[in-house]
Amino acid sequence: MKLKRIILFTTIIFIFTINSQIINQNNNIKNPPYISKSEFVFDTLVSITLYNSSNEKVLDQAFDLCQEYENKFSKTIPSSEISIINNSHGQPTKVSTPTLELLDTAIYYSVISNGAFDVTIEPLSSLWNFKKHIVPDPIDIQSASQNVNYKNIQLNFLDNTVTLSNPDTQIDLGGIAKGFIADQVKEFLLKNKIEHALINLGGNVLTINNKPNGHNFVIGIQKPFAKLGEIITTHQISDKSLVTSGIYERYFENNGQLYHHIIDPKTGYPCETDLYGVTIISKDSVAGDALSTICLIKGLDEGIAFIKSLDDISAIFIDDNFNIIYVD
Ligand code: ADP
Ligand code: MG
């Protein structure tokens, strides 16, 4: 049951491989052309496939790396660096370099989105309980909103400390951490001489090059609100990241109203948007993760303009009539 729930909560992206090619390659048992492993990390399914490699140790170490980052970035693990910052009562907290780097990146996306993305969304995101399906009290939403402001985070790169100038401000890296970790996994695999790989962190898909047979990876994008596995379109990538955010991923209905998990920091409520989903194709997955969330909040017209203003980013928007709009 838990497994099913977790799968449904995950951004759903299906990866199609050239099946016949893989079947043929599989017959070569002595020198397996690819190895693959899937595990649940950060409440989501993580799958990593290494092509032209039988290096199980590197594969295991890639999962260890995911776990290591989860232990730093999770807001629910009490010993994580983020939990320690969130409980610091405004005192400076010493953190590791990856945490400082990710916070810096998250603040960058908060700034360029004009606060649509706000890494201090925690007081609001924890108020919205998608397990209990309860709409929070408007008074609680209003008071939580007052503590959401990324400008309350101060980073000190000289002594690696993070300080919350408002002690009730709280950090939630849920909208960006998976992208950052996917990028770190890719870097680790590259250092270990892996030349072709597919990394999927709960829908944050990132590849090293193409497949060894010269084909691109073909990624299927889930049709919003449809049966799991029903795709609306596909997109081919090589050495790129593809990340989807959708309002159909985690939501509940109450009195005919749909409440989903992307919160508009300005209202404290799930963002009102004419989009069902946004897929970002970029070099780095951290960019894709933040930008897909941002575009959902901005909506179709503003989202298109925003993507056009950025270099080397493409997007696939799915609007609330299931139209597919490709933007380069
Ligand atoms: P998912 O991780 O579920 O695939 P997203 O990358 O779009 O989807 O991130 C959604 C998560 O981001 C939420 O669960 C919450 O933790 C966080 N979040 C929600 N609204 C915002 C926001 N406006 N700014 C930053 N983070 C947000
Ligand atoms: Mg995101």
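Colleague: What do the buried residues of H3 pack against?
Modeller: They pack against strand E2 (34–41), strand E3 (44–51), helix H4 (81–86), helix H5 (97–112) and helix H8 (177–191), where contact means heavy atoms within 4.5 Å, and where helices (H or I, at least four residues) and strands (E, at least two) are DSSP runs numbered from the N terminus. The model is predicted, with local features needing pLDDT of at least 70 and side-chain atom pairs counting only at pLDDT 80 or more, while totals for chains, interfaces and linings use all residues. Residues are numbered from 1 along each chain as its sequence is written, chains are lettered from A and ligands numbered from 1 in the order in which they are written, and side-chain values use heavy atoms, with hydrogens and water left out.

Colleague: How do you know what span to expect for helix H3?
Modeller: The expected span is 1.5 Å times one less than the number of residues; H3 (residues 56–73) has 18 residues and reaches 26 Å from its first C-alpha to its last, close to the 26 Å expected.

Colleague: What makes the passage of H3 by H8 left- or right-handed?
Modeller: A crossing is left-handed if the near helix is turned anticlockwise from the far one by less than a right angle, and right-handed if clockwise; H3 passes H8 in a right-handed crossing. The contact includes Leu-65 and Tyr-69 of H3 and Phe-180 and Phe-188 of H8. By class, this contact has twelve nonpolar, two polar and no charged residues.

Colleague: Which protein atoms are called donors of the magnesium ion (ligand 2)?
Modeller: Donors are N, O and S atoms within 2.8 Å of the metal (3.2 Å for Na, K and Ca), and water is not among the atoms, so sites may look incomplete. Gly-175 (O), Asp-289 (O), Asp-289 (OD) and Thr-293 (OG1) lie 2.1 to 2.5 Å from the ion. Gly-175, in the loop between strand E6 (161–164) and H8, and Thr-293, in helix H9 (residues 285–298), are 118 residues apart.

Conventions. Ala, Val, Leu, Ile, Met, Phe, Trp, Tyr, Cys and Pro count as nonpolar, Asp, Glu, Lys and Arg as charged, and the others, Gly among them, as polar.
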